Amino acid sequence: MTEPDRFKQLPRRVRLADTVTSQETNPVPDPEGGRDAERDFMIRYGLGAL
């Protein structure tokens, strides 16, 4: 059996400038929705032990 011709030589080199992409992004929304999660945790669980 003979190997296909596509495996006989390496592909052309890719320039580094062609490998870098840029894309416009939007800011990520605040996952806590503006609340202070640590304060809420302390109110819920920390102050109950008094």
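This is a predicted model: local features need pLDDT of at least 70, side-chain atom pairs count only at pLDDT 80 or more; totals for chains, interfaces and linings use all residues.
Visitor: How many helices and strands does the protein chain have?
Guide: The protein chain has one helix and zero strands. Helices (H or I, at least four residues) and strands (E, at least two) are DSSP runs, numbered from the N terminus. Helix α1 covers residues 37-46.

Visitor: Why is Asp40 called buried?
Guide: Buried means under 20% relative accessible area, exposed over 50%, and partly exposed in between (1.4 Å probe, protein chains only). Asp40 has 19% relative accessibility, so Asp40 counts as buried. Buried residues make up 2% of the 50 residues in the protein chain.

Visitor: What makes the contact of Arg39 and Asp40 a salt bridge?
Guide: A salt bridge needs a side-chain nitrogen of Lys or Arg within 4 Å of a carboxyl oxygen of Asp or Glu. The side chains of Arg39 and Asp40 meet at 3.1 Å, N to O, so the pair qualifies. Arg39 is partly exposed, with a relative accessible area of 46%.

Visitor: How many salt bridges are there by this rule?
Guide: The count comes to two salt bridges. Arg15 and Asp18 form one of them, at 3.1 Å, N to O. Arg15 is exposed because its relative accessibility is 56%, whereas Asp18, at 49%, is partly exposed.

Visitor: Why is the aromatic pair of Phe41 and Tyr45 called tilted?
Guide: Rings of Phe, Tyr and Trp (its six-membered ring) pair if their centres lie within 6.5 Å; planes under 30 degrees apart count as stacked, over 60 as edge-to-face and the rest as tilted. The count comes to one aromatic pair. Phe41 and Tyr45 are 5.0 Å apart, centre to centre, with 50° between the planes, so the pair is tilted. Both residues lie in helix α1, four residues apart, about one turn of the helix.

Visitor: What makes Phe41, Met42 and Tyr45 a nonpolar patch?
Guide: Patches are made of residues with over 30% relative accessible area and no salt bridge: like charges are joined within 9 Å, nonpolar side chains (Val, Leu, Ile, Met, Phe, Trp, Tyr) within 5 Å. Phe41 has 47%, Met42 has 46% and Tyr45 has 52%. The three form a nonpolar patch on the surface, with about 350 Å² of accessible area together.

How values were computed. Residues are numbered from 1 along each chain as its sequence is written. Side-chain values use heavy atoms; hydrogens and water are left out. Accessible areas come from the Shrake-Rupley method with a 1.4 Å probe; for residues, only the protein chains shown count as cover.
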